[in-house]
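Here's a quick briefing to read alongside the model. Take a look at the fold, then go through the points below.

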Amino acid sequence: MSDDGERAISIIGFIGSVFSPWYRWSGRKDPANHCCLNVVTYGRGGRWTMTDRGSEALGLSRDRLQIGPSAMVWEGDKLIVEIDELSTPHAQKLQGRVIVRPSALTSVELPLTDCGTHIWRPFAPKADIEVQLNRPGWTWSGHGYFDANFGTRALEADFSYWTWGRFPLSDGAACFYDATRRDGSDLAVAIGFGEDGTPRPIEMPPKATLPRPFWQVRRETRADHGYTPRQVKPMLDAPFYNRSAVQTKINGEETIGVHEALDLDRFRGPWLMPMLAVRVPRRRRWPGGLGN
């Protein structure tokens, strides 16, 4: 998020693009054959890119994840994201780089299921970010976050609903993971991080509801008792997924962070896949395809 709150960006590198209809239709047998760099910019002139690419586009080394013309590169103490993608539906070039400088790195790894089929790894709960893109006004700085999720089963196979939130604090950051699993059990995790990345227990505030957006995805977050959280910036509103900037209060401190809600009952419905295919083009071979 930019320091002035006017702009934001989300970037996800996929090996096995979990939200791709093409990966689902393939039977999810070959994750490397469905790799993707999803870049979404929020604010004036915002763009969406999410191209499902074949295994020829994937390159892996100790410090580099290459996906077609784009890459994530770990260089010294920072993560550099090199972006060269086409937005949909207007096929406009989105190029540039994003630099993420963590204040510290953590070694936290949290299983989201008892059998370990899904793992959450918050590498950098708090970071500085620099954005330099080929769009008017899209050079800015702000604060960011860097994490990863790993899984051996489809999300909708193990979960029906989840929410996640990351909120910067004056002395670090707080993350909340709440989920309803398919077996009927619930996940409820609150974890704090110091400026040096050290994890620490924090008191779990009660759940609080947020108004439903246009697509009516149910939204919940955590907030101190008696405090009413609110959306301060809409980001992504899809039939099964919502992302927004939310203002809440955590253990007495008011903060604005990023919140996500995911309805996996909706996501597993077959009616959704043709809709997603419009926003997620497939480029099987590399090099080649349309533009990139």
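Over the face of which ring does Arg218 lie? Arg218 sits over Tyr161, at 3.7 Å from the ring centre; a charge counts as over a ring if NZ of Lys or CZ of Arg is within 6 Å of the ring centre and within 35 degrees of the ring normal. Bear in mind that this is a predicted model, where local features need pLDDT of at least 70, side-chain atom pairs count only at pLDDT 80 or more, and totals for chains, interfaces and linings use all residues. Residues are numbered from 1 along each chain as its sequence is written, and side-chain values use heavy atoms, with hydrogens and water left out.

**Rings**

- The structure holds 15 aromatic pairs, meaning rings of Phe, Tyr and Trp (its six-membered ring) with centres within 6.5 Å; planes under 30 degrees apart are stacked, over 60 edge-to-face and the rest tilted.
- One of them is the stacked pair of Phe123 and Phe146, at 5.2 Å centre to centre with 20 degrees between the planes.
- That pair links distant parts of the chain, with Phe123 in strand E11 and Phe146 in strand E12, 23 residues apart; helices (H or I, at least four residues) and strands (E, at least two) are DSSP runs, numbered from the N terminus.
- Phe240 and Tyr241 make a tilted pair, 6.1 Å centre to centre and 55 degrees between the planes.
- Ring pairs tie Phe14, Phe19, Phe240, Tyr241 and Phe267 into a cluster, and Arg24 lies over the face of Phe267, at 5.6 Å from the ring centre.

**Pocket and cavity**

- The second largest pocket has a volume of about 380 Å³. On a 1 Å grid over the protein atoms alone, a pocket is an open set of points with protein on both sides within 12 Å along at least five of seven lines, while a cavity is a set where a 1.4 Å probe fits but cannot get out; lining residues have an atom within 4 Å of a point.
- For volumes, grid points are joined across faces, edges and corners, and the space filled by probe spheres set on the points is taken.
- Of the 19 residues lining this second largest pocket, Trp48, Leu236, Ala238, Phe240 and Leu276 are the closest to its centre.
- H4 gives the largest share of that lining, four residues.
- The structure holds one cavity of 30 Å³ or more, and the largest cavity has a volume of about 50 Å³.
- Residues lining the largest cavity include Trp164, Phe176, Glu220 and His259, with the largest share, four residues, coming from E13.

**Strands and hairpins**

- E17 pairs antiparallel with E18 over four bridges (strands pair if DSSP finds at least two bridges between them), and Leu210 stands opposite Arg219.
- E6 and E7 run antiparallel, joined by four bridges, and Leu65 stands opposite Met72.
- Two residues separate E6 and E7 in their hairpin, where Gly68 takes a positive phi near 60 degrees.
- E7 also pairs with E8, antiparallel over five bridges, with Glu75 and Lys78 as bridge partners.
- The E7 and E8 hairpin has two residues between the strands, and Gly76 in the turn has a positive phi of about 65 degrees.
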